[in-house]
Amino acid sequence: PTRPRPKIILVIGGPGSGKGTQSLKIAERYGFKYISVGELLRKKIHSTSSNRKWSLIAKIITTGELAPQETTITEIKQKLMQIPDEEGIVIDGFPRDVAQALSFEDQICTPDLVVFLACANQRLKERLLKRAEQQGRPDDNVKATQRRLMNFKQNAAPLVKYFQEKGLIMTFDADRDEDEVFYDISMAVDNKLF
Ligand code: UP5
Ligand code: MG
């Protein structure tokens, strides 16, 4: 018998929409492997500090812009190769735009489900500000946060439309308590994937 195809869930949404929070809950409930693409890039930057290409990418990310698409996809591919075929996977924070979505499909696969966390801009700002006070990622400064929000605003509508036309996306109101958000996501995943 052929092996079961791994289930792949992509989680997208604005900065601070709860992608990390909800992806980890998905991973825990369904026993999926968790990949945060932002984290993947940040780790790579730390482990290759003297490398020219990666210092440039560090600068890009610190200002809130997107890393080059091919580099990002190469990193994702490498990570996926370490995961056994039969394991489900939840990918946090990818794709960021339609070009990346096309490239993912082309080079990797069609996802089984795209979870879109919809949240008001003002709420995103509040959450990022709060997190910046507690931990502070290099891109949690005021300027970079504005860029991240702007980029998201620019790219989100076409990206959501793209996945809508493929019947792959489900939108969740992420402007609620995180457990309420997850309850709805888990109902949807139960129905669509199991
Ligand atoms: N929080 C979460 N849910 C809440 C809720 N329901 N109610 C109240 N509070 C809630 O949550 C953010 C904060 O809000 C936390 O403090 C949390 O407790 C609270 P989190 O789950 O961290 O949200 P998330 O959407 O993951 O926010 P994050 O800041 O990580 O989003 P970004 O999209 O900015 O970050 P990411 O790591 O994905 O990307 C970072 C950068 O990497 C990008 O800007 C880009 O430069 C680069 N990148 C690429 O170039 N390409 C990629 O494909 C991916 C990343
Ligand atoms: Mg995150």
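The model is a predicted one, in which local features need pLDDT of at least 70, side-chain atom pairs count only at pLDDT 80 or more, and totals for chains, interfaces and linings use all residues. Residues are numbered from 1 along each chain as its sequence is written, chains are lettered from A and ligands numbered from 1 in the order in which they are written, and side-chain values use heavy atoms, leaving out hydrogens and water.

Let's begin with the helices. Two packed helices are described by the angle between their axes and the distance between the axes. Helices here are DSSP runs (H or I, at least four residues), as are strands (E, at least two), numbered from the N terminus. Axes are lines fitted to C-alpha atoms, for helices over the stretch in contact, with angles from 0 to 180 degrees between N-to-C directions.

Take H1 (residues 19-30) and H8 (residues 178-193) to start with: their axes lie 10 Å apart at an angle of about 50°. H1 and H8 are therefore oblique to each other (under 35 degrees would be roughly parallel, over 145 roughly antiparallel, 65 to 115 roughly perpendicular, and the rest is oblique). On the H1 side the contact (heavy atoms within 4.5 Å) includes Thr21, Ile26 and Tyr30, and on the H8 side it includes Phe182, Ile185 and Val189. By class, this contact has 6 nonpolar, 3 polar and 5 charged residues.

Now turn to H2 (residues 37-47) and H3 (residues 52-62), whose axes come within 9 Å and cross at roughly 135°. That angle makes H2 oblique to H3. The crossing of H2 with H3 is left-handed. Here Leu41, Lys44 and Ile45 of H2 meet Trp54, Ile57, Ala58 and Ile61 of H3.

The crossing of H6 and H7 is right-handed. Among the residues making the contact are Leu124 and Leu128 of H6, together with Arg148 and Leu149 of H7.

Some of these names return at ligand 1. There are 31 residues around it (a heavy atom within 4 Å), and Thr21, Glu65, Ala67, Arg96 and Arg176 come nearest. The side chain of Thr21 has an N or O atom 2.5 Å from an oxygen atom of ligand 1, and for the side chain of Arg148 the distance is 2.8 Å. Gly93 uses a backbone N or O atom, 3.4 Å from a ligand oxygen atom.

Finally, look at Phe94 and Pro95, joined by a cis peptide bond with omega about -5°. Most peptide bonds are trans. Pro95 sits in the loop between strand E3 (89-92) and helix H5 (98-107).

Key. A crossing is left-handed if the near helix is turned anticlockwise from the far one by less than a right angle, and right-handed if clockwise. Ala, Val, Leu, Ile, Met, Phe, Trp, Tyr, Cys and Pro count as nonpolar, Asp, Glu, Lys and Arg as charged, and the others, Gly among them, as polar. A polar contact is a pair of N or O atoms within 3.5 Å; within protein, one must be able to donate a hydrogen and the other to accept it, and residues adjacent in sequence count only if both atoms are side-chain atoms.
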